[in-house]
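Me: I am new to this structure and would like to learn how to read its features. May we go through them in order?

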Amino acid sequence: MSITLDFNGKNLAKSKSLDLHYLPAKVDGDGEANVEEYFNNYTREAAEFGTGVLTNALRGYPLMGERLKVPEGYRGLVLQETDKPLSESSDRQLRLTGVFDEFTYWNYDKVPSNGDAYRQALVMADVAQALSQPISEQDLEAEIARNKENTKESP
Amino acid sequence: MSKKATRATKPKPDPDVVATGKKSAATAVKKVLFVSQKLLPKDADDRRLHLERFFHPGQGKEALFVTHPDGQIMELLEYAEPRRSWLVNSEVCSNGRIYMTTPLDPTLLAIHHLRKHCAQRAMSLDNIAVEEARTSRLLTEFLNPDSLKCVADVKRSGDQSFYKYNQERTLAWLALKTRQVAGILKEKQVHCGHSAQSQNFVRSDKLAAENATSEMDYTRMASDIVGRYLDADLHDLLTGYLHIPSEIQAIVEEKAATQKRKSKAGKDDGSDSKKIKLSDSDVGAKLKSSGLLDSDGDLNASVTSPTATPAPLKERSLTAKEKALAKGAKGTKSIASFFKVK
């Protein structure tokens, strides 16, 4: 079984840009909604909470948000599986719905801050980068030698 | 995030399961991905990215990786908060996860196979795991053979290279990797001390200046992160190599130090409390339920860093004080627990 992300460079360049909102709510269900009229219409800037802070409400619950860029070095993609696979073992394809470089991050009744799990989680990208950095052979030899000496000193 | 039995703790249907047709949804579930620019096909590139499953030693099972036909491989991580969903243009998307590609050194994945197959004799890469097509594909297509010098002895005969697993080199290499990770943790001022109370205040200038987190805390956390890619026993070896004391021990030592300071003025109030004997299995159970070991509160989420789960403390019993401490540490979580391997 393999899963193909079914798009090439051209598709990517021509794909449409999407407007995304990252909502702090669990929604049971997928489908069309009149986002423009009932949600985007009510987005306000709330300068009293800081620059770039937005407010809105979802079913009466206050939201506070901000525009966020996709992490540096990354591109946001939305993929969708259009044809259902016939069985577990058959090949699957994910098609490209669109791309985005910015999205609106919403918190429930809290100004977005570094305390948000989302922001803290992004550190993992840097950690993974550091972990994947190759190690030069000289460094490795030096480390082996150092370890040998250490074990000699404290047998 | 909390462990309270709210609606959010109800097991969520996995969007991937929905997608495989076990349950029919009105529209196919969308997935939001952050894909590294390095991986994305450029303008004239007609090749496609693939999602493939390879054995993930830290998980003990297969996990998803993103591959590019030119031999690049990245790990696919899933970021899931309990209550999140997306609005995409004018559509609601119930799948509130973010899938993110993170760079990966495939050598880490290869170590498992080298230990399994090449511990005794040197083998060429295409001879390892011939019966497992995927493993063989991982080793021959995505692994840079040169990087294996760091974890194996290489013998050359003509054009062919043979590899034999070398534990000494592997541990030294992993130790260097751990230091790299510890470096970035420090740079980003990730709060990883066991004394972390609330991460919400991590970035306050005062705390940063206090520099409360010791070198060892960074090293311990880094080794746990590296350990997510290793077999459990190899992770233990690495912890030993780096001389990292167990977390509980560290808590106790630190507590003892503060006790001493406090009781300097007054009389010594007997910091040696009576030891309560516990059998080993009890200790393991205590540890697990204490949340010290990073097991995630989300029932649905699998344990995020399996290697952090018990190397149960052998021949060591917890005093009442330690148990209280373990209880207090309940609910603190490391940043590693935000992501799980997809």
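Me: In what order do the elements of chain A run from the N terminus on?

Reply: Helices (H or I, at least four residues) and strands (E, at least two) are DSSP runs, numbered from the N terminus. In chain A they follow the order β-α-β-β-α-β-β-β-β-β-β-α-α-α. This is a predicted model, in which local features need pLDDT of at least 70 and side-chain atom pairs count only at pLDDT 80 or more, while totals for chains, interfaces and linings use all residues. Residues are numbered from 1 along each chain as its sequence is written, and chains are lettered from A and ligands numbered from 1 in the order in which they are written.

Me: Is chain A compact or spread out?

Reply: The radius of gyration is taken over C-alpha atoms, and the globule rule is 2.2 Å times the number of residues to the power 0.38. For the 155 residues of chain A the rule gives 15 Å; the radius of gyration is 23 Å, well over that, so chain A is more spread out than a compact globule. Its C-alpha trace spans about 75 × 50 × 30 Å along the principal axes.

Me: How many residues of chain B are in contact with chain A?

Reply: Two residues are in contact if their C-beta atoms, placed from the backbone, lie within 7 Å. Here 74 residues of chain B meet 70 residues of chain A in this way. On the side of chain B that touches chain A, α4(B) gives the most, with 12 residues.

Me: Which strand of chain A pairs with β5(B)?

Reply: Two strands pair if DSSP finds at least two bridges between them. Strand β2 (residues 20-23) of chain A pairs with β5(B) in the antiparallel sense, over 4 bridges. Within β5(B), B:Val88 stands opposite A:Leu20.
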